[in-house]
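Q: Please take a close look at the place where the two chains touch, and follow it into the part of the fold that lies behind it.

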Amino acid sequence: MSMLEIKNLHARAVAGDKEILKGIDLTVNPGEVHAIMGPNGSGKSTLAGVLAGREAYEVTEGEVLYEGHNLLELDPEERAREGIFMAFQYPVEIPGVNNIYFLKAAVNAIRKHHGEEELDAIDFMALVKEKLKILHMDQSLLNRPVNEGFSGGEKKRNEIFQMAVLDPKLAILDETDSGLDIDALRNVADGVNALRNKDRAIIVVTHYQRLLNYIVPDYVHVLSGGRIVRSGGKELALELEKRGYGWIEAEAKKAALVGA
Amino acid sequence: MIGTIETKDTYLADFARREREAAGRAPAWLTALRQEAIARFGELGFPTRHHEEWRFTNIAPLLEVPFHPAPAEPERLMLERLRAFTFPGLDCCQLVFVNGRYAPELSTFGYLPEGVQVLSLAEALEAEPEAVGAHLARYAEFEQQAFTALNTAFLEDGAFVSLPRGVIVERPIHLLYVSTAPEKPTVSYPRTLFIAGENSQATLIESYAGWDGEVYFTNAVTEIVLGENAVVDHYKVLRESLQAFHIADMRVHLERTSNFASHSITLGGALVRNEVYARLNGEGGECTLNGLYLANGRRLVDNHTAIDHAMPNCTSHEVYKGILDDRAHGVFNGKIFVRPDAQKTDAKQTNKTLLLSEDAQINTKPQLEIFADDVRCTHGATVGQLDEDALFYMRSRGIGEEQARNILTFAFASEIISRIKVEPVRAQLEQALFEQLPGGHETEELLK
């Protein structure tokens, strides 16, 4: 069974009447890394938002199956508990809530959902310290309020750290590379690579090919005008880097005209 | 509706009766002060909602209750019953007052440095009336303040604290004003006078407390004077009965380079008005006024603060936060005056209110009056619900919506509590948040 099957997905922003996603089809299997690339306004963030359960978007047609079940009827917290993780493009600052308690609440909510015993403070700290080591992160981060006063790079690393602790089956990285300098980018990519394994699927949403030098995808899909207009291997990303998005958009338009 | 005039007459009659009984026992200046105060109260009467400073705070419920002066011999309370209002683990000098009167059998002093005076106001008036008279009612004007006039007219007891020059008092001084009204509604008039000499330093905790179900009225006035370079860390912890009325006026006078920081935490009371006026009267002074209030049911909590920058190079910071549930009503008024001489003033004011229900209500009003040109004054107010982005972020990590709301609500309140420097006070108030906020026990479990 596929981990994720997106079939003819159409969606619009609740605030507007324009359709943003116009029929997406995508299948992701365990262990695979898929990159979704596309110019601004192509629908990348909408797709990520729909998968995470953002209320700002409404699905008008099509379906999304996660492990064979309808994903779209689940609340955001239920999706997380079932193993979906989204690394935010803009991680949210939560003043007054320490990282450590935030994560403990998340881990125990997920454990409870699976009928597992909640972790006490000691076991939880042990888990967290082990993950910090994998990501070469400083422990002082734990006692700071979630993302508050973090630099752009720290925020993105914190996302990957959360991913490591929550151990999802499917991770969606929404423009995790945006705003990062090359050192921070490498750092984040190393963290993601350390979490790659045969059971975990990862969807990397990005505008630039740069991140894909470090997180090498198995598949690359190009999103344009709310549709996947081309899919290929990692070499497709290199071609996009060289030639830009223009030619693909032009081809897609031509194809649409011919089709019509 | 009972006429306010009728109610006023009751207080005037109480005053006349008490003056007859106490004739000749007080120093002449005090008798004159009381008479001046009752005369002013008689002229002012109780404020109505036509009065600009009371527009949003309707005191009609207070005027409907026939309060009786607390008996001269207060109820004998067991120390055990006070435990809920003390701070476990806090090594402090603790004076307990029952219905405004000093209760020596419940109080503990411990070591105090040489020259430090901590005693009841009644004792101080007896022992050294001149020293008290030099300060008493010199800061708490009652020209326009009916309730301050009323307190002054009835003032008899309370606390007197005096720190000599250069003395540092390490242990906090806790003034615990407890009210009881087991049979009929009572009124008390606690009065606190706190004089910090030049270069002295101390922590003052004022508690006002009572037991739920009992109806009483606390009309308190506190005067705090900071000499040059003095440092006072002040806490007001209000845990009055949920049926009680509390109207208080605190006046703070800061001399050159002194530092006053106050945290006012209101957890109880049916109708509460905390008035604070701080005057930065010398160059380089610093004043912090922070506050947190929680109200539910149909309770009303009103915080009226004023910081008066009279001299140059002074700094003031102010953060007030409120959490209102059910049909509770909050009022915040934050005045900042910057006088013509007060160049280089740096004043910052923030007021944030969290409304947990659609029927809760807040009236918030920053009021900046600036008469100097080289100053920095900022203010900001937010009113509303929890941050939707933060909620979604938490849910996207698996945290249920209700728990996410509860965690964010606690975080909102703990921003003020976490600034409390006295650990046992902080711990006790954090515990109070767990008890009072929705889902508090689950949050407590999480933070363990």
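A: The contact is made by 20 residues from chain B and 23 residues from chain A, where two residues are in contact if their C-beta atoms, placed from the backbone, lie within 7 Å. This is a predicted model, in which local features need pLDDT of at least 70 and side-chain atom pairs count only at pLDDT 80 or more, while totals for chains, interfaces and linings use all residues. Residues are numbered from 1 along each chain as its sequence is written, and chains are lettered from A and ligands numbered from 1 in the order in which they are written.

On the side of chain B that touches chain A, helix H8 (388-395), helix H9 (401-417) and helix H11 (440-447) of chain B each supply at least two residues; helices (H or I, at least four residues) and strands (E, at least two) are DSSP runs, numbered from the N terminus. H9(B) gives the most to this side, with seven residues.

An open sheet of chain B has 10 strands with mixed pairing, in the order S3-S2-S6-S9-S11-S13-S15-S17-S19-S21, and two strands pair if DSSP finds at least two bridges between them. Strand S3 (101-102) and strand S21 (376-384) of chain B stand at the edges with a single partner strand each, so one side of each is left without a neighbour in the sheet. H9(B) packs on the sheet, where it touches S13, strand S15 (286-295), S17 and S19 of chain B. Within the sheet, strand S17 (residues 315-324) and strand S19 (residues 346-355) of chain B run parallel and are joined by 10 bridges, and B:Thr315 has B:Asp346 in S19(B) as its bridge partner.

Note on methods:
Axes are lines fitted to C-alpha atoms, for helices over the stretch in contact, and angles run from 0 to 180 degrees between N-to-C directions.
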